[in-house]
Amino acid sequence: MTIRHLKVFIKVCELSSISKAAEELCVAQPSVSQTIKELETYYDINLFNRINKQLVLTKEGEAILAKAKEVVNHFNDFEVLANRGELNPTIKVGATMSFGEFVLPNFVKSLRKEVPELDPHIYIDKAKGLEEKVLHGDLDFAIVEGLISNKTLKAVEVGKDRLVLVVSPNFDIPEYIKVNDLIKYDLLLREVGSPSRRILDYQLAIKGIKLGIPRLESISNNVVISMALSGAGIGILPYALAKKYLDDGTLKEVKLEVPLERRLFIITLQNKQFSKVAKKAYMLCVTLLKEGLKN
């Protein structure tokens, strides 16, 4: 049985006529008759007495009518609540710090232009925290670097970005250095366990190099940039963050013998269902990421 069966039954009761109910519902009369018959057969009950070609509710029919109205009213309340997401649509997006800094401002700006009815909520955290929030439904999707640890999530690779070594223009260093040379300089690094730090530590481990205490360890890329601008050492940053400083000459890039690359993923629940407007936001984010990663 469906809500439609109950709605048709209620309409027949209101009009006391199958033909009038069919006309108001814009369906054929046999369809309404069949619906009433299906109700009576399914519940093994007689809903109407046919007296002088008129429909008269039985006592059982009267009881069923009261409950049918109650069920339909509850269903209508449910539809209002369920549709509220489309009337006041929101999307919750997470990102690690580096991508939050260079992707999300453009994302929110573009979102307000392309999907003005959508209300975005942004959350910045480490990859592990973002995974947990996506897993528990607190985020619709999140942007993370590197492979995810929770294999129950869906990860779609949207590109790669590179890390660059940057120094102030007057910093005394060759234009090209080897991995072994890194430990000769003061390093300005993100904290242990961050995506960029893991890539650097991996390359050092391949060479059998043990990293001493860096000049700086910070959870903020902005602090790394500030220290590099001051000439305090070599900063290691995502290219997208360093680009404007490289373009205006306030920082210069030092080439390294091996590329420091990291893969970028958007993570969601495996069977995540987006509304139409949320899907637009998701695809817009993918586009902005791919454009932003072009070196």
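Visitor: Leaving aside its neighbours within four places in sequence, which residues is Thr96 in contact with?

Guide: The model is predicted, so local features need pLDDT of at least 70 and side-chain atom pairs count only at pLDDT 80 or more, while totals for chains, interfaces and linings use all residues. Residues are numbered from 1 along each chain as its sequence is written, and side-chain values use heavy atoms, with hydrogens and water left out. Contact means heavy atoms within 4.5 Å. By that criterion, Thr96 touches Ile124, Asp125, Lys126, Ala127, Leu130, Ile143, Val144 and Glu145.

Visitor: Is Thr96 buried or exposed?

Guide: Buried means under 20% relative accessible area, exposed over 50%, and partly exposed in between, with a 1.4 Å probe and protein chains only. Thr96 is at 4% relative accessibility and therefore counts as buried. This residue lies in the loop between strand 3 (90–95) and helix 5 (97–102); helices (H or I, at least four residues) and strands (E, at least two) are DSSP runs, numbered from the N terminus.

Visitor: Which residues of helix 7 are buried?

Guide: In helix 7 (residues 127–135), they are Gly129, Leu130, Glu131 and Val134. Their cover includes strand 3, strand 4 (119–124), strand 5 (141–145), strand 6 (153–167) and strand 12 (260–269). Just after helix 7, Gly137 has a positive phi of about 80°.
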